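Okay, everyone, can you all see the screen? Let me put the model up, and then I'll walk you through a few spots in it.

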Amino acid sequence: MTALTSSASLSPQRARSAPVAAVRARETIGIVAPTVPAEPQLATLPAVPTLEVDLNAVAANVRTLAATTCGSIMAVVKADGFGHGAVPIAIAAVQAGATSLGVATIDEALALRTAGLDVPLLSWLNPVGADFATAVAHDIDLAVPTLAHLNAVAAAAHSIGRVARVHLHVDTGLHRDGAPRAEWADLSAAARQAERLGVATVAGAMSHLPCADRPGHPSTMAGRAALLDAVSVMRAAGLDPALVHLATTAATQHAPETHFDLSRIGAGLYGIGRGLRAALTLSAPIVSVSEVAAGDAVGYGQTWVASGPTRLGLVPLGYADGIPRVASGIAEVWVQGQRRPIVGTISMDQLVVDIGEVPVEAGTRVTIIGNGDAGEPTVFEWSRWSQTVPHEIMTGLGARITRVYRGLQ
Ligand SMILES: *Cc1c(COP(=O)(O)O)cnc(C)c1O
């Protein structure tokens with residue numbers, strides 16, 4: 001598949017609800033130049049730890065989720081695309097039908113613009129002193145959770161003679177970010193005033209749910225109702241937010257009432273969600289093979305002691321690469337078609353595997369995380385072994401692991 005150069009494949013519904021497209025009537029959702037590295041030969045993975053990302057899986061996940069909603073899909077590529085690489089993931093998601101991108105910070109948004117991604121783009125988490133002028137100059141939509149943010153964004157837009165596109169971010173029960181109910185009226189009135197002054201336009205109204213991953217949880221419908229209240233307050237102030245958005249991956253899958261105009265899809269892009277495909281495979285060549293005798297202890301703290309002669313394989317990945325140290329003594333890896341235990345304490349840069357009778361030599365590749373199709377450990381298992389969520393495993397995968405992309409393009 002080549003880069004998408006026209007909006008012909010977008011449904012009218014999608015095209016209508018794309019945040020900036022409607023305003024600036026872009027003819028292309030211009031992927032200017034593919035920035036994904038050329039497809040490698042799987043047989044010739046570099047002889048270092050690699051994180052292979054299957055962009056076809058990401059595209060399939062976008063299509064699966066898009067089929068469940070009449071709203072449009074905003075692909076959330078914050079935290080370097082949940083550790084997968086923000087730019088390649090963004091390109092794949094847009095090729096598959098996502099009509100906008102979402103990130104936390106302005107820097108993340110600017111990196112996407114620099115890479116040539118020209119689609120509508122929303123940044124929702126910035127301190128009041130952030131560089132809003134640069135964001136507005138690059139057509140980045142900004143979520144506004146407080147009056148101070150609105151004033152800062154409006155002043156920045158005024159200083160460069162532009163109109164900022166803002167999404168009023170309201171709290172509807174998460175009690176983490178977004179404006180509390182008591183501030184909705186003031187925030188709306190100030191936003192209307194900014195519109196009159198020609199420094200901002202309210203493009204959206206957004207909120208976020210606390211328990212969308214638990215189907216039927218009462219906070220989901222309560223949050224939906226509260227967001228509708230917020231929109232009423234905005235309308236009463238003379239605003240007309242064209243994009244109301246609440247649902248993330250879980251709500252998109254489990255709570256159709258929350259869909260509104262678009263879904264902000266993060267986790268689902270990467271395979272977290274029902275019927276979705278994992279995109280990443282973390283593997284590394286074994287550095288060396290050694291043998292210890294009964295009674296020999298392995299690694300820092302001598303936490304594991306061999307009960308008999310044991311062959312060990314050294315894997316050059318550790319907690320600095322995002323392999324959780326807390327999974328020492330629990331986790332397994334996939335060696336030549338077999339599950340083998342990690343023994344001893346996971347170190348900063350390396351871990352040791354009891355390779356048993358499995359025929360391996362220095363250079364044999366070991367899979368640490370895969371999609372589970374063959375039986376290899378998945379990111380879900382790693383999250384259980386580490387008492388966390390798969391999101392934390394994904395986003396923790398370190399920068400020194402070589403990223404390799406295949407599929408799509
Ligand atoms: C991370 C994030 C998302 C994406 O949610 P997923 O559950 O990963 O799909 C959406 N909206 C906001 C505000 C977020 O912070």
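Let's start with helix α5, where the buried residues are A86, V87, P88, I89, A90, I91, A92, A93, V94 and Q95. Buried means under 20% relative accessible area, exposed is over 50%, and partly exposed is in between, using a 1.4 Å probe and protein chains only. Helices (H or I, at least four residues) and strands (E, at least two) are DSSP runs, numbered from the N terminus.

Quick word on the source: this is a predicted model, with local features needing pLDDT of at least 70 and side-chain atom pairs counting only at pLDDT 80 or more, while totals for chains, interfaces and linings use all residues. Residues are numbered from 1 along each chain as its sequence is written, and side-chain values use heavy atoms, with hydrogens and water left out.

Back to α5. Why is this helix largely enclosed by the rest of the structure? Because 10 of the 10 residues of α5 are buried. After α5 comes G97, with a positive phi near 120°.

Now zoom out. The protein chain has 13 helices and 19 strands, and 55% of its 409 residues count as buried.

On to the core. A nonpolar core is a set of buried Ala, Val, Leu, Ile, Met, Phe, Trp, Tyr and Cys residues joined through side-chain atoms within 4.5 Å. Which residues touch the most other members of the largest one? They are L112, L269, I368 and W382, in a core of 119 residues. Helix α5, residues 86–95, gives this core its largest share, eight residues. There's also a second, separate core of seven residues, including V292, A306, L312 and V352. In soluble globular proteins, nonpolar side chains tend to be buried together.

Contact means heavy atoms within 4.5 Å. Leaving out residues up to four places away in sequence, L269 touches V58, N61, V62, A75, V76, V77, I89 and A93.

Next, the rings. Rings of Phe, Tyr and Trp (its six-membered ring) pair if their centres lie within 6.5 Å; planes under 30 degrees apart count as stacked, over 60 as edge-to-face and the rest as tilted. How many aromatic pairs does the structure hold? Two. F82 and Y270 are stacked, 4.5 Å centre to centre with 20° between the planes. That pair links distant parts of the chain, 188 residues apart: F82 is in helix α4 (residues 78–82), and Y270 is in the loop between β9 (262–265) and β10 (280–285). F82 counts as buried because its relative accessibility is 6%, and Y270 counts as buried at 1%. W382 and W385 are edge-to-face instead, 5.2 Å centre to centre with 80° between the planes. These two are three residues apart in helix α12 (residues 379–385), so about one helical turn separates them. Both W382 and W385 are buried.

Last stop, β9. Two strands pair if DSSP finds at least two bridges between them. Strand β2 (residues 72–76) and β9 run parallel, joined by four bridges, and A75 has I265 as its bridge partner in β9. Both faces of β9 are covered, with L262 and R264 buried on one side and S263 and I265 buried on the other.

That's my tour, thanks!
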